[in-house]
Amino acid sequence: LYTFGRIGYTDSRLLAEGGTMNKRMTALALALVLMMTGLSWAMAEDLQDIERPPAFTGWPQTDEQGYLQPGVVAGDEFLHEDAEQGVWIYLSPTLRVEVNRLKAKTKHGKLIWLEAEVKSREAVFRAYSDNPDRPRAGLEYPQLIARKHRVVLGISGDYFNFRIGSKIPLGVIVRNGKTISSHTYAQRVQGQPPLDELSLYADGRMEVRHPREMSSQEYLERGALDVLAFGPILLRDGEVDDRLFKRFQGQEPRVSVGMIEPGHYIAITVEGRHKRSVGADCLFMAQRMKALGATTAFTLDGGQTTCMVFMGTVINEPGEFNGAKFVRKQPDILGIGLSELVRTDKKR
């Protein structure tokens, strides 16, 4: 805040040459606006010496866009998994997934998170349900959902059926082009979850909105395949949601997904609730998304729901809750890409 304090002081002094308190207040207000829009990422992001895994050197032949060159690998699928180093890679002629495990120190303690960069010529992010015919009734471990559908990369979704029977609305929920729920808040809210909305489209678009900006029917008319309700929104049109500077600040395991452009995505899973990682707040998630080039980004269900699944295996370390370390069962996952190489066993 020191830098913005200096900006505010300088501006107020210059504007105060006319001798009016209003001008001083205007300058201070301007400084606060600059601070709240998060223009100084260096101050908000208090990371120290980000530790990255060694650069991977075993890449097969790829084309100019980084996709696997057809015919150079059997089955046109390249797979690399190194949990010790923290690198996971999947390549095909139409899909590129690279996951890296990063470490840093913050003022709260040690932090570990996974960053996945995804490029796709065909596949788009979709909600994959445990029970596609009855999405409200499904509940299964996320890795088993990923194996059932043979999903290359999956992360936790909005866990909407956890809200069934509670005082919290389900939110606007659409699965596979069908409305599951249209009951949501009357306006943008501050509580958790705020039931902001992430809509997914066949052309690879991701859009984020607050409650009541669009009805479920309007989403369907717009072509949405799936709509998830959780949040908060992290980035919209490249701007950080202003609630993140005062709300959603708990240090927790967290999950988010973002879009640089249709076909180019970022997924982040932060570990927490165990000794090796303290967790993060939503502002951290927005910072990372923005630093990686995302213009749209959204928070999914975290805590014990937090997961990143690669080729049917959970690759983040789950948090501890009530003396147990686990990833909870969920109705669906958010995933991209299908592969015959995904493991299919039922072992947790």
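The model is predicted, so local features need pLDDT of at least 70 and side-chain atom pairs 80 or more, while totals for chains, interfaces and linings use all residues. Residues are numbered from 1 along each chain as its sequence is written, and side-chain values use heavy atoms, without hydrogens and water.

Let's start at strand β10, residues 196-201 (strands are DSSP E runs of at least two residues and helices H or I runs of at least four, numbered from the N terminus). 6 of its 6 residues are buried, so β10 is largely enclosed by the rest of the structure; buried means under 20% relative accessible area, exposed over 50%, and partly exposed in between, with a 1.4 Å probe and protein chains only. In a regular strand, side chains alternate between the two faces of the sheet. Here Asp196, Leu198 and Leu200 point one way, and Glu197, Ser199 and Tyr201 the other.

β10 has antiparallel neighbours: 6 bridges join it to β12, and 4 join it to β11 (strands pair when DSSP finds at least two bridges). Leu198 has Leu228 in β12 as its bridge partner, while Ser199 has Glu207 in β11.

Now for the rings. The whole structure holds 5 aromatic pairs, meaning Phe, Tyr or Trp rings (six-membered for Trp) with centres within 6.5 Å; planes under 30 degrees apart are stacked, over 60 edge-to-face, and the rest tilted. Phe56 and Trp59 sit 5.3 Å apart between ring centres with planes at 75°, so they are edge-to-face. Trp59 is partly exposed, at 29% relative accessibility. Ring pairs also link Phe56, Trp59 and Phe78 into a cluster.
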